[in-house]
Amino acid sequence: MWAYESVFYQIYPLGFAGAPFENDGNLEHRILKVNDWIPHIKKLGANAIYFSPIFESDTHGYNTRDYKKIDCRLGTNEDFKEICDNLHKEDIHVVLDGVFNHVGRGFWAFQDVLEKRWDSPYKDWFHINFDGNSNYNDGLWYEGWEGNYDLVKLNLRNEEVISHLLDCVSYWIDTFDIDGLRLDVAYCLDHDFIRRLRNFCDSKKTDFFLVGETLHGDYNQIMNDAMLHSVTNYECYKGLHSSFNSMNMFEINHSLLRQFGPENWTLYKGRHLLSFVDNHDVTRVASILSNKEHLPLIYALCFGMPGIPCVYYGSEWGAEAKKEEGDPALRACFEAPVDNELSAWISKLAEAKKSSKALNYGDFTSIVLTNKQCIFQRKTDDERVLVAINADSERYTAHFDAGCGTAVDLITGEVHDFGGGSELPPYSAYFWKMEK
């Protein structure tokens with residue numbers, strides 16, 4: 001699967017393009033801005049891009065009006081086809097946000113229900129009670145997602161709904177040649193629907209990638225050979241920044257051992273979860289880390305641990321924003337990409353990750369662990385890489401049996417000699433590929 005050897009780049013299109021929050025109905029070709037960023041994305045080392053919602057919606061993209069039409073605030077279907085073609089020419093895969101749990105109040109079928117009530121052929125597309133009322137005083141009650149009534153929950157047990165959604169996915173594949181879907185609130189989706197979707201996508205494109213948004217619980221419930229290939233690793237998202245801020249590397253190491261460790265009971269051994277240090281829903285990593293010296297290190301840890309790393313646009317150069325400032329702050333519009341030391345570092349991590357079989361597929365073993373340092377091994381049958389992190393402001397010398405004399409750092413290309421121990425400078429990270 002191509003995704004397991006990829007580095008993802010996430011763009012939230014409506015924010016990225018500077019679109020107004022409310023859908024004003026005015027057509028603007030803002031999505032074409034992505035064309036100007038393709039050289040930057042390629043330079044960063046990302047070879048897959050995940051677009052947050054891009055279809056016609058009421059406001060923020062997750063309240064869909066029409067699954068077959070690019071949001072007019074972003075442009076036309078032809079505009080987005082151009083973007084996808086240009087990305088594919090640069091060998092960058094395209095993954096779209098599949099928002100299938102709910103739609104917006106402006107969704108055409110729901111509008112038909114509001115108008116025709118019992119007489120609407122779409123009344124069973126939703127969970128509706130005509131004897132109740134809604135927060136919008138519609139004279140009928142309907143289920144909204146987690147009490148949000150601008151998000152009208154779809155009935156994923158209704159065959160017509162399923163057929164419509166699969167028809168839309170088919171349209172996206174045929175029109176834009178997309179390579180995968182990220183399923184919004186996948187933890188809420190009907191499991192039979194996910195199985196149907198997987199089977200359908202497999203029949204359309206053999207290497208089509210499905211990743212689901214999950215927050216907690218056992219990811220294996222929806223990540224398996226019959227359902228999703230991957231899920232968002234929120235457990236390690238929290239562990240990554242918390243370990244640096246509390247200077248307690250035991251926290252992230254505990255999660256990684258629990259998920260991928262050598263014991264037979266580990267939860268996700270052999271699976272490839274989507275790893276990230278931030279995204280469109282959370283505080284940017286540069287604003288959540290208490291020590292800015294840790295910024296390159298948290299990316300090194302994210303790229304070195306098992307999983308598929310994903311970088312959120314803007315964060316690669318250290319853009320800041322806090323969740324309490326609201327979604328517009330998290331989903332900002334930047335005039336142009338910025339190249340700096342951090343983005344250059346991430347590009348080196350990306351090339352190391354993509355070129356290493358051990359970093360893509362290797363198992364996980366903890367080698368050295370202290371509060372401020374961790375060294376762990378990623379190993380396949382024919383490659384062994386040690387990921388070493390020193391989060392301290394002081395030098396640290398690690399004493400362990402490396403099993404060989406020298407290694408090459410995949411990040412810098414420099415040779416490392418293990419004779420007499422391994423000295424880690426302050427705030428340093430290495431991907432040591434061990435000699436055979």
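In this predicted model, the sulfur of cysteine 188 has its closest cysteine sulfur in cysteine 201, and at 19 Å that is too far for a bond. Cysteine 188 itself is partly exposed, its relative accessible area coming out at 27%. A disulfide is a covalent bond between the sulfur atoms of two cysteines. With a cut-off of 2.5 Å between the sulfur atoms, the tally for this model is 0 disulfides.

Turning to the sheet, 8 strands line up in the order S13-S12-S11-S5-S2-S1-S15-S14, with parallel pairing, and the sheet is open. The edges are taken by strand S13 (230–231) and strand S14 (274–276); each has a single partner strand, so one side of each goes without a neighbour in the sheet. Helix H10, covering residues 295–304, packs on the sheet and touches S14 and S15. The direction of helix H10 makes about 145 degrees with that of S15.

Strand S15 (residues 308–312) also pairs with strand S1 (residues 8–11): the two run parallel and are joined by 3 bridges. Within this pairing, glutamine 10 sits opposite tyrosine 312 of S15.

Note on methods. Residues numbered from 1 in each chain as written. Predicted model: local features only at pLDDT ≥ 70, side-chain atom pairs only at ≥ 80, totals over all residues. Heavy atoms only, no water. Buried < 20%, exposed > 50% of the residue type's maximum accessible area, 1.4 Å probe, protein only. Pairing = 2+ DSSP bridges. Helix = DSSP H or I, 4+ residues; strand = E, 2+ residues; numbered from the N terminus. Contact = heavy atoms within 4.5 Å. Axes fitted to C-alpha atoms, helices over the stretch in contact; angles between N-to-C directions.
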